[in-house]
Amino acid sequence: MNIKISEGVVHKLPADLRKSITSDKKVIDLWEDITPLARNEWICWVENAKMIETRKRRIEQTNSKLRGGKRRPCCWVGCMHRDKVLASMSYSKNK
């Protein structure tokens with residue numbers, strides 16, 4: 001079953017995270033309720049893992065933390081890619 005869910009601002013939703021999110025209707029609803037920038041933070045947090053075990057754990061934590069009311073990953077500085085992309089978007093608007 002291919003369920004359409006929203007992506008991040010900078011990052012595309014990877015297949016493994018998409019599969020995890022779409023496996024739980026409540027998590028889908030929570031995912032859709034957060035902002036595109038917040039979704040971007042979750043995606044980048046998962047993709048930023050250096051080890052496959054860490055990535056798997058972060059995917060599991062994404063679902064549980066969303067269910068627990070968290071709207072962004074805790075104790076993480078945030079997506080390092082966001083500011084560069086948003087800056088370039090704002091630069092192109094000012095031309």
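**Exercise 1. Aromatic pairs**

Task: Search the whole structure, which is a predicted model, and find how many aromatic pairs there are. Then work out which geometry the rings of Trp42 and Trp45 adopt.

Solution: 
- Step 1. The search of the whole structure turns up one aromatic pair. Its partners are Trp42 and Trp45.
- Step 2. A pair of aromatic rings is described by the distance of the centres and the angle of the planes. For Trp42 and Trp45, the centres lie 5.7 Å apart and the planes are at 75 degrees.
- Step 3. Planes over 60 degrees apart count as edge-to-face, so the pair of Trp42 and Trp45, at 75 degrees, is edge-to-face.
- Step 4. Now place the two residues: both belong to helix 3, three residues apart, or about one turn of the helix. An α-helix has 3.6 residues a turn, so residues three or four places apart point the same way.

**Exercise 2. Buried or exposed?**

Task: Decide whether Trp42, Trp45 and Arg55 are buried or exposed, and list what Arg55 contacts beyond its neighbours within four places in sequence.

Solution: 
- Step 1. The cut-off for buried is under 20% relative accessible area.
- Step 2. Trp42 has 0%, so Trp42 is buried. Trp45 has 6% and is therefore buried.
- Step 3. Arg55, a residue of helix 4, has a relative accessible area of 18% and is buried because this value is under 20%.
- Step 4. With neighbours within four places in sequence set aside, Arg55 touches Pro14, Asp16, Val46, Glu47 and Ala49.

**Exercise 3. Helix 4 and its surroundings**

Task: Check the span of helix 4, then describe how helix 4 meets helix 1.

Solution: 
- Step 1. Just after helix 4 comes Gly69, with a positive phi of about 100 degrees.
- Step 2. List the buried residues of helix 4: Thr54, Arg55, Arg58, Ile59, Thr62, Asn63 and Leu66. These buried residues pack against helix 1, helix 2 and helix 3.
- Step 3. Turn to helix 1 (residues 15–22): its axis and that of helix 4 (residues 52–67) come within 9 Å and cross at roughly 30 degrees. This crossing is right-handed.
- Step 4. On the helix 1 side, Asp16, Leu17, Ser20 and Ile21 take part; on the helix 4 side, Arg55, Ile59, Thr62 and Asn63 do. Sorted by type, the residues of this contact are three nonpolar, three polar and two charged.

Conventions: Residues are numbered from 1 along each chain as its sequence is written. This is a predicted model: local features need pLDDT of at least 70, side-chain atom pairs count only at pLDDT 80 or more; totals for chains, interfaces and linings use all residues. Side-chain values use heavy atoms; hydrogens and water are left out. Axes are lines fitted to C-alpha atoms, for helices over the stretch in contact, and angles run from 0 to 180 degrees between N-to-C directions. Helices (H or I, at least four residues) and strands (E, at least two) are DSSP runs, numbered from the N terminus. A crossing is left-handed if the near helix is turned anticlockwise from the far one by less than a right angle, and right-handed if clockwise. Contact means heavy atoms within 4.5 Å. Ala, Val, Leu, Ile, Met, Phe, Trp, Tyr, Cys and Pro count as nonpolar, Asp, Glu, Lys and Arg as charged, and the others, Gly among them, as polar. The expected span of a helix is 1.5 Å times one less than its number of residues. Buried means under 20% relative accessible area, exposed over 50%, partly exposed in between (1.4 Å probe, protein chains only). Rings of Phe, Tyr and Trp (its six-membered ring) pair if their centres lie within 6.5 Å; planes under 30 degrees apart count as stacked, over 60 as edge-to-face and the rest as tilted.
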